[in-house]
Amino acid sequence: MMNERKKMLMLLIAAAGPLFGADNCVIATSDGREIKTSRIEVRENGDLDYLSPDGKRRNRITRGRYRYAQIPKPAAVTEADQKFREQQWNSAAALFRKAGEDYKLLGWQVYCIRMEADSLSRSGEKMQAEKLLTGLHGLQDSNPFQLRERQLADDFLTDLLIDRKQYDEAEKILDRQLRLSDPNLVFSAFFKKAVILQARGQRQQALRLFYQTALMFPGHPRRAEALYNTWSLMSDLKDPSAPKIAEMLKREYPDSAFAKQLSF
């Protein structure tokens, strides 16, 4: 009898739609509990079916009784990632779009939207990419696993806004980004604010902010770029400190592409 039940359970799992094997699937309930399970299934009405810890029972929680669910990266998202790495932008965008819809209740919607937008941007569809990223601002989601993805999506959105010379809109996002705890995103915010200052013709303020950014983030991978932009603006403005910055860049990053671009 037990074998028959197990067989029936496996048949139900196989036929029920997208179920995901993992050791760390999580459902956060609306009353503050956390359910850890190895498999979750999303039903058409938004209810979730999940396996009991012993793997023998299928439990159900209705959509109104959970705040969010999170599963490990599904195979469909991994497939889209591979197309992105292969620079097959159209295929990647389509796969991210489908995966984002399929797994929107399982913690992967924001990531897929960000990556779809990145794919679209690289294929030349920047306005569509911007529209997708802007749409995230109206998407209500309490999943803390998606918070960083939202922050990365906003950082990318500022690139598109700056590219279109929508500096005021970009600065609104960058000002919020400055208050984050992620040093990479804070660096990015300072750097892009300097880019905006330079684009507006405020070159003296821009070079100060580029230099300030380089000083505040001594170990950042893009520090050489911040120093190069400082030197470039100083050179344009006939600042006598330009050679000092050039020597710093050559000394600290002798093999960087930016050091190789220096001219005197």
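Visitor: Let's zoom in on the sheet: which residue in β6 stands opposite Thr29?

Guide: Tyr66 is the residue that stands opposite Thr29. Before we go on, this is a predicted model, where local features need pLDDT of at least 70 and side-chain atom pairs count only at pLDDT 80 or more, while totals for chains, interfaces and linings use all residues. Residues are numbered from 1 along each chain as its sequence is written, and side-chain values use heavy atoms, with hydrogens and water left out.

Strand β1 (residues 25-29) runs antiparallel to β6, and four bridges join the two. Strands are DSSP runs of E, at least two residues, and helices are runs of H or I, at least four, numbered from the N terminus; two strands pair if DSSP finds at least two bridges between them. The open sheet has three strands in the order β2-β1-β6, paired antiparallel. Its edges are β2 (34-37) and β6 (66-70), each pairing on one side only. Neighbours are turned by 15 degrees against each other on average, direction ignored; the axes are lines fitted to C-alpha atoms, on a scale from 0 to 180 degrees between N-to-C directions.

Moving on to the helices, 13 of the 14 residues of α4 are buried, so the rest of the structure largely encloses this helix. Buried means under 20% relative accessible area, exposed over 50%, and partly exposed in between, with a 1.4 Å probe and protein chains only. After α4 comes Gly124, with a positive phi near 100 degrees.

Then there's the largest nonpolar core, with 27 residues, of which Leu227, Trp231, Leu249 and Leu262 touch the most other members. Such a core is a set of buried Ala, Val, Leu, Ile, Met, Phe, Trp, Tyr and Cys residues joined through side-chain atoms within 4.5 Å. Helix α10 gives the largest share, seven residues.

Last stop: His220, in the loop between α9 and α10. His220 is buried, at 11% relative accessible area. Its side chain reaches the backbone nitrogen of Arg222 at 2.9 Å. Leaving out residues up to four places away in sequence, His220 touches Asn184 and Phe187, where contact means heavy atoms within 4.5 Å.

Notes. A polar contact is a pair of N or O atoms within 3.5 Å; within protein, one must be able to donate a hydrogen and the other to accept it, and residues adjacent in sequence count only if both atoms are side-chain atoms.
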